[in-house]
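I opened the model to look up its helices, its core, its ring pairs and its charged contacts. My entries follow in the order I made them.

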Amino acid sequence: MIGPMLRFGGGWLIAMIASIQLINLEKFFLPRYVSVQALAHYSIAFTFANMTTMFSWALTQSLIPAFSVMTGQKKKREFDALFERGIRLNLILLPPTVMFLFVVAKPFFTIWAGPEFGQEFVALLRAARRTFFNILSLVAYSTLTATGRSDLWRNYIV
């Protein structure tokens with residue numbers, strides 16, 4: 001059982017370890033090369049930008065089992081329709097959410113954390129831009145995981 005389990009989940013495990021390291025790597029370098037203050041601005045902006053991913057991650061939790069059930073040839077049409085709906089839903093909901101963050105960021109941070117953080121709202125825009133592409137990839141990630149192709153994640157990373 002260990003061999004099949006490693007083949008199915010090994011790529012996912014490696015991808016998650018690499019993801020954790022990559023997500024936190026800049027937080028190590030910012031205080032070292034810029035300042036602790038820059039880390040504070042970036043960390044708050046990054047946290048708020050990542051809040052936009054909550055809906056997509058929740059969607060992923062239900063998509064993986066749904067895609068797993070539809071992996072056979074008999075349900076290919078349903079599989080394709082679900083994949084298309086997932087992508088379409090992300091494309092419809094994500095741009096207004098990101099635009100809302102763009103418009104609200106500076107006044108919100110100025111009121112919430114003070115004028116210094118309000119001036120540094122550009123960090124939020126950068127973090128939100130990166131998060132946008134991450135959210136779009138979650139439906140494809142769910143598809144690959146559900147169909148047992150987590151080895152593709154390992155091949156991509158290694």
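The model is a predicted one.

**Entry 1: overall layout.** I counted 7 helices and 0 strands in the chain. Read along the sequence, I get α-α-α-α-α-α-α. I then looked up burial and found that 31% of the 158 residues are buried. The chain exposes about 10200 Å², and I noted that carbon and sulfur atoms supply 70% of that area. For contacts with a separation of 6 or more, I found that 72% are between residues 24 or more positions apart.

**Entry 2: the core.** Which residues make up the largest nonpolar core? I list 8: Leu59, Leu63, Phe67, Met70, Phe79, Leu82, Val139 and Ala146. Helix 3 (54-69), helix 4 (76-113) and helix 6 (122-146) are the elements that give two or more residues to this core. Helix 3 gives the most, with 3 residues. I also checked phenylalanine 79, a member of this core. Leaving aside neighbours within four places in sequence, phenylalanine 79 is in contact with Phe67, Met70, Thr143 and Thr147.

**Entry 3: ring pairs.** I found 7 aromatic pairs in the structure. One of them joins phenylalanine 67 and phenylalanine 83; this pair is tilted, at 6.5 Å centre to centre with 50° between the planes. Phenylalanine 67 lies in helix 3 and phenylalanine 83 in helix 4, so the pair ties together parts that are 16 residues apart in sequence. Phenylalanine 83 is partly exposed, with a relative accessible area of 29%.

Next I looked up phenylalanine 109 and tryptophan 112, which form a tilted pair at 6.3 Å centre to centre, with 50° between the planes. These two are 3 residues apart in helix 4, so about one helical turn separates them. Phenylalanine 109 is buried at 3% relative accessible area, while tryptophan 112 is partly exposed at 49%.

**Entry 4: a surface patch.** I then turned to the surface. Leu22, Leu25, Phe28, Phe29, Tyr33 and Val34 form a nonpolar patch there, with about 660 Å² of accessible area together. Ring pairs link Phe28, Phe29 and Tyr33 into a cluster. I placed phenylalanine 29 in helix 1 (residues 2-33). Phenylalanine 29 counts as partly exposed because its relative accessibility is 34%.

**Entry 5: salt bridges.** How many salt bridges does the whole structure hold? My search gave 2.

- Aspartate 80 forms one with lysine 76, and I read 3.1 Å between the closest N and O atoms. They are 4 residues apart in helix 4, so the separation is about one helical turn. Aspartate 80 is partly exposed at 35% relative accessibility, and lysine 76 is partly exposed at 42%.
- Arginine 88 and glutamate 84 meet through their side chains in a salt bridge, 2.2 Å from N to O. They too are 4 residues apart in helix 4, so about one helical turn lies between them. I noted 47% relative accessible area for arginine 88, which is partly exposed. Glutamate 84 is partly exposed at 40% relative accessibility.

Terms used:
Residues are numbered from 1 along each chain as its sequence is written. This is a predicted model: local features need pLDDT of at least 70, side-chain atom pairs count only at pLDDT 80 or more; totals for chains, interfaces and linings use all residues. Side-chain values use heavy atoms; hydrogens and water are left out. Patches are made of residues with over 30% relative accessible area and no salt bridge: like charges are joined within 9 Å, nonpolar side chains (Val, Leu, Ile, Met, Phe, Trp, Tyr) within 5 Å. Accessible areas come from the Shrake-Rupley method with a 1.4 Å probe; for residues, only the protein chains shown count as cover. A salt bridge is a side-chain nitrogen of Lys or Arg within 4 Å of a carboxyl oxygen of Asp or Glu. Buried means under 20% relative accessible area, exposed over 50%, partly exposed in between (1.4 Å probe, protein chains only). A nonpolar core is a set of buried Ala, Val, Leu, Ile, Met, Phe, Trp, Tyr and Cys residues joined through side-chain atoms within 4.5 Å. Contact means heavy atoms within 4.5 Å. Rings of Phe, Tyr and Trp (its six-membered ring) pair if their centres lie within 6.5 Å; planes under 30 degrees apart count as stacked, over 60 as edge-to-face and the rest as tilted.
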